[in-house]
Every structure is written in structure tokens, then in C-alpha cells.
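Subject: Structure for your files

Hello,

The structure we spoke about is below. My notes on it follow.

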Amino acid sequence: MFYEIRRYQTQPGRRDDWVRFMEGTIIPFQTEKGMSVTASFVDEEDPDGYVWIRRFADEQERVALYAAVYESERWQQEIGPEVRRLLVMDEIRVTRAVPTEASGLR
């Protein structure tokens, strides 16, 4: 099992719009497709910063879920264009993390 910790920068002043879109559209859509979304955060020190975490059983599951989400017509036609409008795409950072034995996220 591993987690993706995804850090985004929204376009200046658009974080509230982004959070509404994430919570109202993206997270429900991805969970409907089988993704496990563990957490969603706003950065307390950066007014345009946003972080969220997804969990995967293994690489095979990640590949299958990525395909189900990002290759879908809805993502391609509706969700993806809005993502590109609200985020600074060059600032997306993804860290894969495996919980330690003592972690509460195992």
C-alpha cells in the first residue's frame, strides 16, 4: 500500500473556487471510480496552496484507477479543462509515500 500526497497551487485568489470544485466534483467523481481519497487540506501558510492524499493498494491498482478516471469522457471533456483553468499546472507536485510500521495510516 502507498499514498500519493499531491500538492497544488491554484491560480492566485482561486483557492476557494478550487476547494468547491474538488469537494463537489472531483473527489465524488474519483471515489465513484474507486479511488480512495484519504484527506484534503488547504495550506495554512499559503493562500493559494492545496494538498490532498489518495491511497492505493499497489501499482497495478493505481494504473487501473488512473485509466478509469483520466481516460474517461467526463474527465476529458468537463473536469480536466476546469482543472487546467483553476490550477498552476507547472506547480503540481506528487510524492509517493509508504507508511512506516508505526503509522496510523497502515
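The side chains of Gln9 and Asp46 are joined by a polar contact of 3.1 Å; a polar contact is a pair of N or O atoms within 3.5 Å, where within protein one must be able to donate a hydrogen and the other to accept it, and residues adjacent in sequence count only if both atoms are side-chain atoms. Please note that this is a predicted model, in which local features need pLDDT of at least 70 and side-chain atom pairs count only at pLDDT 80 or more, while totals for chains, interfaces and linings use all residues. Residues are numbered from 1 along each chain as its sequence is written, and side-chain values use heavy atoms, with hydrogens and water left out.

Gln9 belongs to strand S1 (residues 2-9); helices (H or I, at least four residues) and strands (E, at least two) are DSSP runs, numbered from the N terminus. Gln9 counts as buried because its relative accessible area is 19%, where buried means under 20%, exposed over 50% and partly exposed in between (1.4 Å probe, protein chains only). Neighbours within four places in sequence aside, Gln9 is in contact (heavy atoms within 4.5 Å) with Asp46, Asp48, Gly49, Leu87, Val88 and Glu91.

Thr38, in strand S2 (residues 36-42), is partly exposed, with a relative accessible area of 33%.

Next, the core. The largest nonpolar core has 20 residues, of which Trp18, Ile26, Tyr50 and Val83 touch the most other members. Such a core is a set of buried Ala, Val, Leu, Ile, Met, Phe, Trp, Tyr and Cys residues joined through side-chain atoms within 4.5 Å. At least two of its residues come from each of S1, helix H1 (15-32), strand S3 (49-56), H2 and helix H3 (73-86). H1 gives the largest share, seven residues.

Last, the aromatic rings. The structure holds ten aromatic pairs; rings of Phe, Tyr and Trp (its six-membered ring) pair if their centres lie within 6.5 Å, and planes under 30 degrees apart count as stacked, over 60 as edge-to-face and the rest as tilted. Tyr66 and Tyr70 form an edge-to-face pair, at 5.1 Å centre to centre and 75 degrees between the planes. Both lie in helix H2 (residues 59-70), four residues apart. One aromatic cluster is made up of Phe2, Phe29, Phe56, Tyr66, Tyr70 and Trp75.

Regards
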